[in-house]
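We will go stop by stop.

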Amino acid sequence: MSSNNKVALITGANKGIGYETALKLGQQGVTVYIGARDEQRGNAAAGRLKASGIDARFIKIDLGDYATIDHAAEMLEHEHGRLDILVNNAGIMSTEDGSPVTTEMSVVKKTFDTNFFGALYVTQKVIPLLQKAASARVVNVSSGLGSLALNQDPSWEFADAKLIGYNASKAALNMLTVQLAWVLRESAIKVNSANPNFTNTELLPDTTGGRPVEDAARVIIHLALLPEDGPTGGFFEDDVSLPW
């Protein structure tokens with residue numbers, strides 16, 4: 001899919017994997033909207049991208065404030081009349097998350113509000129814009145921790161990471177991928193989940209040993225620019241198809 005004149009919305013794009021995704025898409029000629037809840041950080045991120053010659057624009061999106069999502073969809077409609085690429089990247093992970101036996105319900109609900117409900121609402125609001133594009137792409141940034149098959153595999157390297165809020169919210173996001181791809185199967189829109197794998201970002205403080213954001217974003221870029229014969233309704237890590 002040619003990236004010239006494409007328009008992309010990336011949530012949580014002012015830093016980390018989201019920013020790297022915006023950078024790489026922008027370098028290929030895509031107009032990138034930097035979705036972020038903090039206006040100062042969002043504008044600063046868009047400014048850095050603009051300084052490197054990318055058509056980047058800040059758009060306020062707070063997944064906990066649906067009015068900002070409504071306004072963002074209206075802004076995209078007014079400025080372009082369509083959306084070619086949606087990357088549901090914004091997500092949270094709490095240090096208070098953990099076992100399903102002990103984790104507070106408030107922690108689980110807060111995680112779901114961002115990782116699933118917020119992403120679902122963004123998707124619902126921009127579907128009409130995706131349908132107006134010639135060949136749109138939706139990438140839901142998930143996690144291997146959202147795979148039921150991997151969670152029950154004792155030999156998996158992250159088998160001990162049983163975070164009921166985070167893992168379950170990413171499993172729900174994967175369900176959005178499967179169902180949305182099914183609903184849109186007769187259209188030119190392709191919907192897939194991406195697993196960037198364990199990455200050095202600010203998702204959790206004081207973490208080391210992960211892969212750089214440049215590597216993590218590669219699968220997202222690939223899925224965002226899939227050719228016409230590319231897959232839909234799948235779950236991918238780099239070039240590998242993951243089990244649900």
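A charge sits over a ring if NZ of Lys or CZ of Arg is within 6 Å of the ring centre and within 35 degrees of the ring normal. Select arginine 185 and tryptophan 182. Arginine 185 lies over the face of tryptophan 182, at 3.9 Å from the ring centre.

Two notes before moving on. This is a predicted model, in which local features need pLDDT of at least 70 and side-chain atom pairs count only at pLDDT 80 or more, while totals for chains, interfaces and linings use all residues. Residues are numbered from 1 along each chain as its sequence is written, and side-chain values use heavy atoms, with hydrogens and water left out.

**Stop: helix H2**

Select residues 39–51, which form helix H2. Helices (H or I, at least four residues) and strands (E, at least two) are DSSP runs, numbered from the N terminus. The expected span of a helix is 1.5 Å times one less than its number of residues. For the 13 residues of H2 that gives 18 Å, and the end C-alpha atoms are 18 Å apart, which agrees.

Now colour Gly42, Ala45, Ala46 and Leu49. These residues of H2 are buried (under 20% relative accessible area; exposed is over 50%, partly exposed in between, with a 1.4 Å probe and protein chains only). Why are they on the same side of H2? They cover an arc of only 95° around the axis, so they share one side. The arc is that of the directions from the helix axis to the C-beta atoms.

Turn to the face away from the buried side. It carries the exposed residues Gln40 and Ala51. Back on the buried side, the cover includes helix H1 (16–27), strand S2 (31–36) and strand S3 (56–60); contact here means heavy atoms within 4.5 Å.

Just after H2, pick glycine 53. Its phi is positive, about 90°.

**Stop: isoleucine 92**

Isoleucine 92 is in the loop between strand S4 (85–88) and helix H4 (105–131). Buried or exposed, or partly exposed? Isoleucine 92 is partly exposed, at 24% relative accessible area.

**Stop: the rings**

Rings of Phe, Tyr and Trp (its six-membered ring) pair if their centres lie within 6.5 Å; planes under 30 degrees apart count as stacked, over 60 as edge-to-face and the rest as tilted. The whole structure has 6 aromatic pairs. One of them joins tryptophan 156 and phenylalanine 158: the centres are 5.5 Å apart and the planes at 80°, so the pair is edge-to-face. Tryptophan 156 is buried, at 16%, whereas phenylalanine 158 is partly exposed, at 25%.

Last, select Phe112, Phe116 and Phe117. Ring pairs link them into a cluster.
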